[in-house]
Amino acid sequence: MDTENTSAPPRAQSAPADNPTRTRRHGGGITHDNTRHTTRFVVIGNHLVQHKELSLLAIGLSCHLQSLPAGAGADIKSLAARFPEGPTRIAAALRELEAHGYLRRERHRTETGRIVTRTVSCNQPHASRREPADTGCPPAKRTPAPQRHTVQKALPAVPQPSSTAPALLQTATDLLATLRRHDPRLLLSATDTAHLVPGVAAWLERDVAPGAVRHALTIGLPDEPLRRPAALLAHRLTDRLPPPPPFRTQSAAAVPPPRHPLQNCEGCDRGFRAPETEDRCRDCRTTAGGAPPRTPPGHVPSHTR
């Protein structure tokens with residue numbers, strides 16, 4: 001009774017996980033009681049539900065995402081409120097799906113300028129991103145996606161200066177070329193710089209100092225990457241353009257009087273400045289037709305010298 005049977009295994013041996021046919025051979029395993037769906041269903045590929053690398057939570061979460069209507073909440077906060085799994089586990093599952101091509105998260109700017117994250121659920125990851133898991137199913141025939149040619153939108157118009165002085169335009173060009181020192185995202189091409197130079201020149205000719213223009217263009221930039229920094233600068237140059245300086249008339253007092261040549265008076269021989277049409281000083285012109293002008297003391301006429 002106390003003799004150990006060395007031929008008996010110490011415990012019951014389970015079927016290897018990679019050999020499910022052993023269970024089938026003994027009459028166990030799963031069977032299906034299927035009813036054909038006609039409404040409210042979603043088609044899920046075996047490449048997902050039998051994926052060998054994805055966790056069970058990631059597979060289930062992908063099935064749930066594929067069943068959602070367009071526009072439904074698919075962020076971590078919304079999913080954590082829907083399921084008992086916490087935000088940490090849901091975030092890890094989303095990263096799994098993203099790594100295997102079943103999920104993309106893209107950032108888009110709305111018409112109001114707000115940045116939102118859009119979740120894209122992929123029911124069939126593209127072959128170039130990742131080959132589907134080997135599930136024994138024949139590969140689905142894929143139609144190559146049509147190539148889309150991206151057309152670069154033209155930059156918004158900028159204010160135009162009233163003056164095209166070379167010094168003014170050069171100052172504007174230098175200002176734009178140094179913006180990248182304040183924010184590396186503001187590295188502009190030569191074409192973008194040439195488009196923006198008139199707008200900066202319009203600010204400078206309105207008595208705005210270069211430092212003030214630079215501050216207006218770089219203050220309060222968004223934290224996310226700038227897809228088209230030149231378009232943002234063009235918008236700011238137009239939207240924040242200051243008014244013209246107060247109107248200033250150029251008075252006669254501001255214009256220096258003309259400097260006439262020095263000559264000798266024909267009447268008293270004194271030196272004076274006057275237009276070439278005048279040959280007498282002011283005193284001689286005042287006394288013309290009357291008594292001769294008074295000769296200053298100690299004055300010796302030029303014809304007696």
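A salt bridge here is a side-chain nitrogen of Lys or Arg within 4 Å of a carboxyl oxygen of Asp or Glu, and by that rule the count comes to six. This is a predicted model, where local features need pLDDT of at least 70, side-chain atom pairs count only at pLDDT 80 or more, and totals for chains, interfaces and linings use all residues. Residues are numbered from 1 along each chain as its sequence is written, and side-chain values use heavy atoms, leaving out hydrogens and water.

**Salt bridges**

- Glu106 and Arg104 pair up through their side chains at 3.2 Å, N to O.
- Glu106 is partly exposed at 27% relative accessible area, and Arg104 is partly exposed at 26% (buried is under 20%, exposed over 50%, partly exposed in between, with a 1.4 Å probe and protein chains only).
- Glu98 and Arg105 form another of these bridges, at 2.7 Å, N to O; Glu98 is partly exposed at 34%, and Arg105 likewise counts as partly exposed at 32%.
- Arg109 meets Glu224 at 4.0 Å, N to O.
- Arg109 sits in strand E1 (residues 103-109) and Glu224 in the loop between helix H9 (210-218) and helix H10 (229-239), so this pair ties together parts 115 residues apart in sequence.
- Helices (H or I, at least four residues) and strands (E, at least two) are DSSP runs, numbered from the N terminus.
- Glu224 is buried, at 17% relative accessible area.

**His47**

- His47 belongs to helix H2 (residues 46-49) and is buried at 12% relative accessibility.
- A polar atom of the His47 side chain lies 3.3 Å from the backbone oxygen of Asn123.

Terms used. Polar contact = N/O pair within 3.5 Å; in protein donor to acceptor, adjacent residues only side chain to side chain.
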